Amino acid sequence: MGYNPNIDPQIDQFFQAAAFRYGHTLVPAGVYLRDYARNKCKLELNAQAIRTCNNYWMSQNSLFQNQSKLDDSLNIDKLIMGMTIQLSEKEDHKIVEDLQGNLFGPLEFSRRDLMALNIQRGRDHGLPDYNTARIAYNLDKIKDMDHFQKLTLHQIDPQIKKLFELYNNSVDDIDVWVGGILETRDNPGELFRAIIIDQFERIRTGDRFWYKNLNNRLFTSNEIKRIENLSFYDILISVTEMDHDDIPINPFQIPSDENYISKTCRDILRKDCCKLKAKENVLKQNCYCAKSVNSKNVEKCTDSKTYDYFNNSRISYIATFTGLIGIFCGIVVLLLYKLHFKQKKQIEYESKCRMSYLMRENTMPIYTATEWQGRKLETKLVIIVLNKRKQQLEVKNQFGNIIRALDFAHNNAIYIPPDSNYTMIRVQHNYDLVLKFDSHYLKTSFFQALEQFILDISIKSFEKNKNINSAEMLKQAITKKDRQNKLEKFFRVVFAQAFHITHIEDEILQIGSKTAKEVIYTELTITEFAEALSMRPDAEFIKKIFNLVDKDKNGFISFREFVDMLVIFLKGTAEEKMKFMFDMYDINGTGRLNKTDFMIMLRSFLETVNTDITNDELETLIHSMMNQVNLASKETINLMDFKHLLSQFNDKLNYIELEFNVNSDGKKRKLHAGIGTIKSTFIGELQKTVDNLYTDLNDIELRVKGKIIVKNMDWKRNTETIDNQKIVEETNKYTDNYWYPIMKYLANKRLQIFWMSLYTTILFLIFIERVYHYSIEREHTGLRQILGYGLALTRGAASAMMFTYSTLLIMICHNINTVLRDTILQYYIPFDSMIEMHKYIAYWALIFTVLHIIGHGFNFYNISTQTADDLTCLFPNYFHATHELPKFHYWMWQTITGITGILLTILTGIIFLFSLPIVRRMLYNQFTFTHSLYPVFYIFMILHGTGRLVQEPYFHYFFLGPFILFILDKIITMTRKTIEIPILKAKILPSDVTCITFAKPPNFQYKCGQWIRIACPALGTNEYHPFTLSSAPHEINLTTHIRAIGPWTTNIRNKLDFSISLNKKLPKIHIDGPYGEAHQDWNKYHVAIMVGAGIGVTPFASILKDIVFKCNHKFALGCQKVYFIWVTRTQKQFEWMVDILRELEKSDINNCVSVHIFITQFYQKFDLRTILLYICERHFQRIYNKSLFTGLMAITHFGRPKFSQFFQSIQKLHPNANKIGVFSCGSPSIVHSIDIACKALNLREDNRTLFQHKFKSF
């Protein structure tokens, strides 16, 4: 038959799911292994067949017998030779037990039933019932079971009858394979025969490449004849090592006289194996075969077994995740250790320096010990000094500063437990000093020295107790916390007594009669008294007032003495206060003060602010003040004269009191002192009430707006005085508009909120798109079915990670951001918030990274429980042999995806842990090093996707754009870093500040307020550190001020100091920058407030220089008014800044800049000292046209600034300003307080002005 293109040659379902499998009836229970004829045709394994059920699946081409692996590897020749001499099972409906219930199954269940699989296969492929199949192949439909009896010529077994009962005795429900196999006798039954004939005919006729199809011209006639003459025997002999007589010519039949085999083989075989039929006559021939194999003469099938696919993955799974957690815990421990070690090393170094200094400077005995501070509290290193001159035991810290002093003038006791190196000293009205010495020898030496010290200072009331153990002693010890709790109750009751404060019921119940008695008999030491007033105990003012208040002169202030002092000092009338102050310095009680006493009074005030004033200036000041009130001719003044001197400030003296019963709106109220209320709360209320001394309108104009009127000497001009709460005129309140504060906040942060919202929206859309894709669109894929929604979550998290980690690069393109901030984009993109945006993106990256890692922890568990065939299908890019089962350690440690995933996890943890604020602050070198690992991180990210575990590489879609921008930015940076710049001049300034002046590189353009990064190769490191430029753009050279607060800054200061002292050449540096900073936008506001604290004045130094330059050259300033607030502990810390301010005052003709200096070393202005200092300041400024404290015309304040009130005053002085820019630079605490003040004012409903805060903290 020729080729017919109309015939469909595909495999029919009836054939492949049923008829094709009729050969299962031929499979024997075992197979022999026979040797070659040249080796005597020996049946191996002692003529024992290998069991079919135990060797169906041949792992690594090995055979098994008696559950033991055979030594020889599988030789297919021996297996073929054994099968050619072995009889197969009959062609019938019976199946050997090796395939029936003992078929080698998968690992999860090692035994299956092949017949059941055949039946299920037909059903899975949708085969109809047996009768329908017969009709399809033009066969008669059967009606009953007798059909099978006629075909098989034997009775149906009872088991088969039971089978039909399963089909409800209906022949119309029989499966095709079941019915077809029951028809089988010597050959396939009529249904299977019809199916097989149909299939083979269609394959032949429909195959265009069939060898007999002459039309395809593939083979010639001779080639076709040659193909037809080629037998299966010829092929086997050609491809194996068998000889021509090792197997019969027809391998599918056993050897016979006609089907020749080697005589050697025939001699070992049986001869009565079969009868061959001729056409009509039955000719008996000799048939040769081996002994028949059945289940009785072979080994038994092994029992079925189950297998857990996660087996052998448990250890690697647990070890991997435990190892990762251990690594992160180790990193945390390492960080804690390094932080502790650095603090300890720094303390030890400073302690060593201080100790060496103390040993040189002190002639008194010095002892070192550790102080026990209380239960669950750390001990601290202290230095004990026995000061005979002061008759005190001084306790100093490692810096040599006195932290407490014990006076032995009163009842004292020392406890010396013999069972330890502890010693406790108990002093009346104080907490106990518990010391632990390093050895018994040091303890004994200290005790002997203390005894001698007590004898030398003639102290008799000193009790010694050696009959106590250390545990009992520590139990009885009064700790500092115990003393503070007692003082807390003391101050609550004192203030309640003085000001009639109502206590809540809970607190009343807590204070019993015993506690009340303790409070009444509590007495304050001078140190505790100084702490109550927030001053130093050695201040002259404290000594004077303490001696005055201590009426019984016992060295302590009692409860009643403190109440009396408060009533007078804080609540009394102006006359009472002035008398109190006068009596403090009327040492002899004569009722008069001479000029010397008056000078001592003023000096006691001025000493707390470290003001340098000569005796001549002080005498001129006193003469001016006394001349103002016609007292210049007097050598002494009495109380009336003193009152007359302060008469102009009588209203202010009256105002300085604790008006707890008056609210800001004038309504009466009572202050409830709750359980948590302490003395600081009351002082805080005091400060809030008395928050401004300058209560007349002219003074506000002078002190806040900056009008310097120093030539008007008319001290007595009439001024309008108003209440403190009415400094700012009333404005309309929008109490009915609930959304007003919220709208103001949104207006203030609109750009940041917009870009963060836009970024977050895009981020979640990317996440949701991937989740939807793998949850819905790929719901029916194999991997999705195995992993469930874990696949969708991990893929969504992976895409979100790609987006976040890619966009992180944009945030650190400093050069590009600096250029763009000068374009129109500055109005639409908040370039000042790049660092905050960088952190915001990093947080999201960390969240999705954790989600990705946890998800894959579950995913790889599920993957590790799949079969080898399923894994091959699910992961076609990962090849493994069919007999190998990939375990968890394979996926994690033997694939590029797994290895890079582990490394990325570790690297991510390292980078994020070293980015913690405390680590960044204290271990800056480690922070920069770990952050510099980002190239390795991105390389691993790229490699991670190249594994194609789940999908094609996807990272480059997110990464390429930001990467190109980042490379361009780095190219710009590298071109600058290669230039060596000489340091032209260096100054070693006080407060560990170093001023460096260096040449400006060619084409270096910058704006005031910008910053650069500096590296110094002479220090042996390539570290770059950021510093703000303190020079102005018009200057020829660049200048920066560096404060030594870390290793690098300290090293460069020492290097420069060494070079200057030896007159050596100064080292060269590399710079990178300039980079944009928020401070450079100061001139974009009509009103700008600049707050510099400590070294944070550096950017404003550049801005103020620029203002001086533009004022001198009559350039127009974009900003109409600048308020500069300088917060410093003392002006001596940054004298170089005073020079800049002095130059500014000379050139600022139009009063464009108002400078306010806050000296924080002096306490808040609420007491009488501030009044007198204020008087001195005003007089001194009128006389010398400068501040008494700074030498400038700038306004000087005492204490920390109250930004909320200050900003509010500025807002009222500029009511038409819609926006006021607030620029700050300093420590995080002061920046935070400024931010709180701005937010509070922005949320006020009666405030229409928007305070926009831009800051830089260090």
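Biologist: How do the axes of helix 46 and helix 47 cross?

Modeller: Helix 46 (residues 1203-1213) and helix 47 (residues 1228-1243) cross at roughly 50°, and their axes come within 9 Å. That makes helix 46 oblique to helix 47. The classes are roughly parallel under 35 degrees, roughly antiparallel over 145, roughly perpendicular from 65 to 115, and oblique for the rest. The model is predicted: local features need pLDDT of at least 70, side-chain atom pairs 80 or more, while totals for chains, interfaces and linings use all residues. Numbering runs from 1 along each chain as its sequence is written, and side-chain values use heavy atoms, without hydrogens and water.

Biologist: Which residues of helix 46 and helix 47 meet?

Modeller: Helix 46 brings Phe1203, Ser1204, Phe1207 and Gln1208. Helix 47 answers with Ile1230, Ser1233, Ile1234, Ala1237, Cys1238 and Leu1241. Contact means heavy atoms within 4.5 Å. By class, helix 46 and helix 47 meet through seven nonpolar, three polar and no charged residues.

Biologist: What angle do helix 30 and helix 32 make?

Modeller: Roughly 150°, and the axes of helix 30 (residues 750-777) and helix 32 come within 8 Å. Helix 30 and helix 32 are therefore roughly antiparallel. Their crossing is right-handed. On the helix 30 side, the contact includes Tyr759, Phe767, Arg770 and Tyr774. On the helix 32 side, Tyr789, Arg795, Gly796 and Phe803 are among them.

Biologist: How do helix 37 and helix 40 pack?

Modeller: Helix 37 (residues 896-913) and helix 40 (residues 934-946) pack at about 150°, with axes 8 Å apart. That makes helix 37 roughly antiparallel to helix 40. The crossing is left-handed. The contact of helix 37 with helix 40 has nine nonpolar, six polar and no charged residues.

Biologist: Now cores. Which residues touch the most other members of the largest nonpolar core?

Modeller: A core joins buried Ala, Val, Leu, Ile, Met, Phe, Trp, Tyr and Cys through side-chain atoms within 4.5 Å. Buried means under 20% relative accessible area, exposed over 50%, partly exposed in between, with a 1.4 Å probe and protein chains only. The largest core has 55 residues, and Tyr805, Phe848, Phe875, Trp891 and Tyr938 touch the most other members. Helix 32 (residues 789-811) gives the largest share, twelve residues. A second, separate core has 33 residues, including Ala19, Tyr22, Leu103 and Ala133.

Biologist: Where is Trp891, and what does Trp891 touch?

Modeller: Trp891 sits in helix 36 (residues 888-893). Trp891 is buried, at 1% relative accessible area. Beyond residues up to four places away in sequence, Trp891 touches Phe860, Ile863, Ser864, Leu871, Phe875, Tyr878, Pro886, Gly898 and Leu949. Ile863 is 28 residues from Trp891 along the chain, with 9.0 Å between their C-alpha atoms.

Biologist: Is Lys78 buried or exposed?

Modeller: Buried, at 16% relative accessible area. Lys78 belongs to helix 3 (residues 76-84). Leaving out residues up to four places away, Lys78 touches Tyr32, Leu33, Arg34, Asp35 and Glu44.

Biologist: What is phi of Cys41, and what is phi of Asn138?

Modeller: Cys41 is near 55°, positive in a residue other than glycine. Asn138 is near 60°, likewise positive and not glycine. Cys41 lies in the loop between strand 1 (30-31) and helix 2 (44-47), and is buried at 0%. Asn138 lies in the loop between helix 5 (130-136) and helix 6 (146-152), and counts as exposed at 72%.

Biologist: How many helices and strands does the chain have?

Modeller: 47 helices and 32 strands. These are DSSP runs numbered from the N terminus: helices are H or I, at least four residues; strands are E, at least two. The chain has 1258 residues, and 49% of them are buried. Of contacts with a separation of 6 or more, 70% join residues 24 or more positions apart.

Terms used
Axes are lines fitted to C-alpha atoms, for helices over the stretch in contact, and angles run from 0 to 180 degrees between N-to-C directions. Ala, Val, Leu, Ile, Met, Phe, Trp, Tyr, Cys and Pro count as nonpolar, Asp, Glu, Lys and Arg as charged, and the others, Gly among them, as polar. A crossing is left-handed if the near helix is turned anticlockwise from the far one by less than a right angle, and right-handed if clockwise.
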